[in-house]
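Q: Can you walk me through this one? I'd like to start with the terms, then the charged pairs.

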Amino acid sequence: MKRTKERIDTGHPEDRKGISGCRMFDGEDLEFHNRVKMQMMQQKEWIEQQKREKQINHHRAKEEDMCYAKQTEELNRMRGMLEDENNKKRRDMMKAMQEENQRLAKEKKDKEKREKMDNLENDYQEIAFAMDPYGKNPMPQNYHEYAKSKQIFHKPQTTISSKYYVSRSYPKKK
């Protein structure tokens, strides 16, 4: 007799004996429908699992994108605040520098004016001494009193030449 391989799902060869011993043959798949049904169920379960994983990954990616967008927005807001603060400091610094420059310019102008007045006073004293070296004719003590008594005021007048502006000082005419 020919020996065949025994399979677990086919049962023992002695079970084949009976009224019809040819109920199952080697290579015949009696569990085909059950196996296909089970494979379909497994495949359906795997598909559902993949859908859940895909959905979880999608939610995770969406959450990461939202976190990134929120972080970017916070960074932009912080950068904007820092830029505004920096611009304010720069404006304040420029304003302080402008005020300091104006103060220095005013000091310089006042100093030049004092020097000019001192020069005029010295010139007046020299002229007064040259005209009356012995002090016989009383003259005003300083140039300011003399200018007030004679109504001499220095008013700069600007005239236009061909290329340049020329500034000249003339005494006031009566």
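A: Helices (H or I, at least four residues) and strands (E, at least two) are DSSP runs, numbered from the N terminus. This is a predicted model, where local features need pLDDT of at least 70, side-chain atom pairs count only at pLDDT 80 or more, and totals for chains, interfaces and linings use all residues. Residues are numbered from 1 along each chain as its sequence is written, and side-chain values use heavy atoms, with hydrogens and water left out.

Q: How many helices and strands does the protein chain have?

A: There are two helices and two strands in the protein chain. Their order from the N terminus is α-α-β-β.

Q: OK, salt bridges. What's the count?

A: The count is eight salt bridges, each being a side-chain nitrogen of Lys or Arg within 4 Å of a carboxyl oxygen of Asp or Glu.

Q: Which residue does Glu100 pair with?

A: Glu100 forms a salt bridge with Arg103, and their closest N and O atoms are 2.3 Å apart.

Q: Where do Glu100 and Arg103 lie?

A: Both are in helix α1, three residues apart, which is about one turn of the helix.

Q: And how exposed is Glu100?

A: Glu100 is partly exposed, at 34% relative accessible area. On this scale buried means under 20%, exposed over 50%, and partly exposed in between (1.4 Å probe, protein chains only). Arg103 is also partly exposed, at 38%.

Q: Next, what does Lys106 bridge to?

A: Lys106 forms a salt bridge with Asp110, with 3.5 Å between the closest N and O atoms. Both residues lie in helix α1, four residues apart, again about one turn of the helix. Lys106 is exposed at 52%, whereas Asp110 is partly exposed at 31%.

Q: Which residues are joined into one network?

A: Glu100, Arg103 and Glu107 are joined by salt bridges that share partners.

Q: What about Lys51 and Glu48?

A: Their side chains meet in a salt bridge at 3.9 Å, N to O. Lys51 and Glu48 are three residues apart in helix α1, which covers residues 32–131. Glu48 is partly exposed, with a relative accessible area of 35%.
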